[in-house]
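Please look through the sequence and the model together before reading on.

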Amino acid sequence: MKTTYTLFLLLLISLAGFAQKADINNFIVKESLLKNSKLAIIAADSLNNPLEKINGTYTFTVSGFTQPVSFHDGVAILPMQLERSAFVYIKHQNDSGTHSKLLYVYKKDGTLNPYAINSMWLILFPALIVFFAFAFRKFILYAVIILVIFIYFNHSNGLSIPTFFETIFDGLKRMF
């Protein structure tokens, strides 16, 4: 009897070793179906197909604030509401690495439209302005004004300087 009990226990332990791993390596951000000025995170595979098997609590960093997010059938609703259009930087870190997205969420008439921004644009736009400023001496004053407007627009819409550089470094890590 003791041998049977031991074999049964070993069988149960070995079955637990074959449990399916449920990591979130990609996600899609959309407006919540309730239209309550909240964003929904949808767990997805590499082809942006939703993963309905994701359930449980995962830790996400949303614009610098770390918070647990509960997934049910692959969908989680972020607890904070957006009052106006803003940049939102969403990051999730697990065993396979850091997965992040920078979005500009445009709010108009109570609906949210998230647009993904490639982090390379955050490098290319200021680099092109600086290049034109050095190439054409008369453009230096305009370049400074454009860069100040660029920094002010980013900062006033929720993309602070540390988040700006974190987005750029995460984008560079993904490239290499």
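**A guided reading of the fold**

Of the 176 residues in the chain, 34% are buried, where buried stands for a relative accessible area under 20%, exposed for over 50% and partly exposed for what lies in between, with a 1.4 Å probe and protein chains only. The model is a predicted one, in which local features need pLDDT of at least 70 and side-chain atom pairs count only at pLDDT 80 or more, while totals for chains, interfaces and linings use all residues. Residues are numbered from 1 along each chain as its sequence is written, and side-chain values use heavy atoms, with hydrogens and water left out.

The chain holds 4 helices and 8 strands, both taken as DSSP runs numbered from the N terminus (H or I over at least four residues for helices, E over at least two for strands). Along the sequence these elements follow the pattern α-β-β-β-β-β-β-β-β-α-α-α. The accessible surface, computed by the Shrake-Rupley method with a 1.4 Å probe and, for residues, with only the protein chains shown as cover, comes to about 11,800 Å², and 66% of it belongs to carbon and sulfur atoms. Among the contacts with a separation of 6 or more, 47% link residues 24 or more positions apart, a contact being a pair with heavy atoms within 4.5 Å.

Strands S1, S2 and S5 form an open sheet of 3 strands in the order S1-S2-S5, with antiparallel pairing; two strands count as paired if DSSP finds at least two bridges between them. Its edges are S1 (26-31) and S5 (75-77), each of which pairs on one side only. On average, neighbouring strands of this sheet are turned by 25° against each other, direction ignored, as judged from axes that are lines fitted to C-alpha atoms (for helices over the stretch in contact), with angles running from 0 to 180 degrees between N-to-C directions. Strand S2 (residues 39-44) is joined to S5 by 3 bridges, and Ala-40 has Ile-77 as its bridge partner in S5.

Gly-74 lies in the loop between strand S4 (65-71) and S5. The C-alpha atoms of Gly-74 and Lys-53 are 6.1 Å apart, although 21 residues separate the two in sequence.

Tyr-106 has Asn-113 in S8 as its bridge partner. The hairpin of these strands has 2 residues between them, and Asp-109 takes a positive phi near 55° there.

Leaving aside residues up to four places away in sequence, Phe-71 touches a set of residues including Ile-24, Ile-41, Ile-54, Tyr-58 and Phe-60.

Glu-31 meets Lys-35 at 3.3 Å, N to O, and Glu-31 counts as buried at 14% relative accessibility. In the pair of Glu-166 and Lys-91 the closest N and O atoms are 2.5 Å apart; because Glu-166 lies in helix H4 (residues 161-175) and Lys-91 in strand S6, this pair ties together parts that are 75 residues apart in sequence. Glu-166 is partly exposed at 28%, whereas Lys-91 is buried at 18%. Asp-170 and Lys-173 form a salt bridge with the closest N and O atoms 3.9 Å apart, and, being 3 residues apart in helix H4, they are separated by about one helical turn. Here Asp-170 is buried, with a relative accessible area of 9%, while Lys-173 counts as exposed at 60%.

How values were computed: A salt bridge is a side-chain nitrogen of Lys or Arg within 4 Å of a carboxyl oxygen of Asp or Glu.
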